[in-house]
Amino acid sequence: MAVPTAVPEWLNKGDNAWQMVSATLVGLQSVPGLVILYGSIVKKKWAVNSAFMALYAFAAVWICWVTWAYNMSFGDKLVPFWGKANPALAQRFLIKRAGLPATTHLYHNGTVETAMSTPYLPMASMVYYQCSFAAITVVLLAGSLLGRMNIKAWMAFVPLWLTFSYTVGAFSLWGGGFLFQWGVIDYSGGYVIHLSSGIAGLTAAYWVLHPSHTNLWVSTHADHLHLAHVCVGRAENIERQREVPPQQRAASASRGGAAVDGGGGTCC
């Protein structure tokens, strides 16, 4: 009798590790990356609202994703552009080998041309990986609505847009939908992530921008980025110091003075 092993034969530890590392790096671009960015590029009175829009979007997408959106994007086919909505929470589902059931490519006579895509990693890693992209797509969209949308409206908008827009693009191109079957390939998310968030952001900004909000375009510079300015200035100062001959720097240090920069002064 074969002795069961702790690690299934189909699992490739390298593939699985890189999948999780990649997803984590993408997630860090959203939280804290875009949360800090959005909170720092608007006026002070909008800083908390803008940062929370990004934070809420990231958290809400996670809940929606494992509840119904993952299988709408990568599950069994419902219609040519949508998968069947099902939760992705069961232990048996998460520990089995990842598979995208709708990616089976058939000839015109119904015979299989290309079998279903089955990466060498568990379904849990696939759910986690794809969720990080879904989350950052909505967070990118939020950048078009900073200072323009009430947080309550945004809280309703996020799950609706994820359900009726993102899942359509994800299933059509990645999950085995009609564009996938036509041979359209999107390796890096140019269509599913960037194009969809860009078009949605432009459309939402157009409809949300009421004529009474025209003052948004006047004096919207951020006045609380002094730390960023200090860091940039310090980096420039260090770069200038590299151009100064070592003998001159040593002489300046021996006199107890400040290090000399290339322009004869200090930055910041």
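Trp 161, Tyr 166, Gly 169, Ala 170 and Leu 173 in H5 meet Tyr 191, Val 192, Ser 196 and Ala 200 in H7. Contact here means heavy atoms within 4.5 Å. By class, this contact has seven nonpolar, two polar and no charged residues. Ala, Val, Leu, Ile, Met, Phe, Trp, Tyr, Cys and Pro count as nonpolar, Asp, Glu, Lys and Arg as charged, and the others, Gly among them, as polar.

The model is predicted: local features need pLDDT of at least 70, side-chain atom pairs count only at pLDDT 80 or more, and totals for chains, interfaces and linings use all residues. Residues are numbered from 1 along each chain as its sequence is written, and side-chain values use heavy atoms, with hydrogens and water left out.

Now the geometry of that helix pair. The axes of H5 and H7 come within 10 Å and cross at roughly 145 degrees. Axes are lines fitted to C-alpha atoms, for helices over the stretch in contact, with angles from 0 to 180 degrees between N-to-C directions. H5 passes H7 in a right-handed crossing. Right-handed means that the near helix is turned clockwise from the far one by less than a right angle; left-handed means anticlockwise.

A second pair is H1 with H4. Their axes come within 9 Å and cross at roughly 20 degrees. That makes H1 roughly parallel to H4 (angles under 35 degrees). The crossing of H1 past H4 is left-handed. Among the H1 residues that meet H4 are Met 20, Val 26, Leu 34 and Tyr 38. The H4 side includes Met 126, Tyr 129, Phe 133 and Ile 136. By class, the contact of H1 with H4 has 13 nonpolar, nine polar and no charged residues.

Next comes the core. A nonpolar core is a set of buried Ala, Val, Leu, Ile, Met, Phe, Trp, Tyr and Cys residues joined through side-chain atoms within 4.5 Å; buried means under 20% relative accessible area (1.4 Å probe, protein chains only). The largest such core has 53 residues, of which Trp 65, Tyr 70, Trp 154 and Tyr 166 touch the most other members. H1, H2, H4, H5 and H7 each supply at least two residues. The largest share, 15 residues, comes from H2. Beyond its neighbours within four places in sequence, Trp 65 is in contact with residues including Tyr 70, Val 127, Leu 162 and Tyr 166.

Finally, the whole chain. There are nine helices and four strands, assigned as DSSP runs (helices H or I, at least four residues; strands E, at least two) and numbered from the N terminus. Of the 268 residues, 38% count as buried.

Terms used
Buried means under 20% relative accessible area, exposed over 50%, partly exposed in between (1.4 Å probe, protein chains only). Angles under 35 degrees count as roughly parallel, over 145 as roughly antiparallel, 65 to 115 as roughly perpendicular and the rest as oblique.
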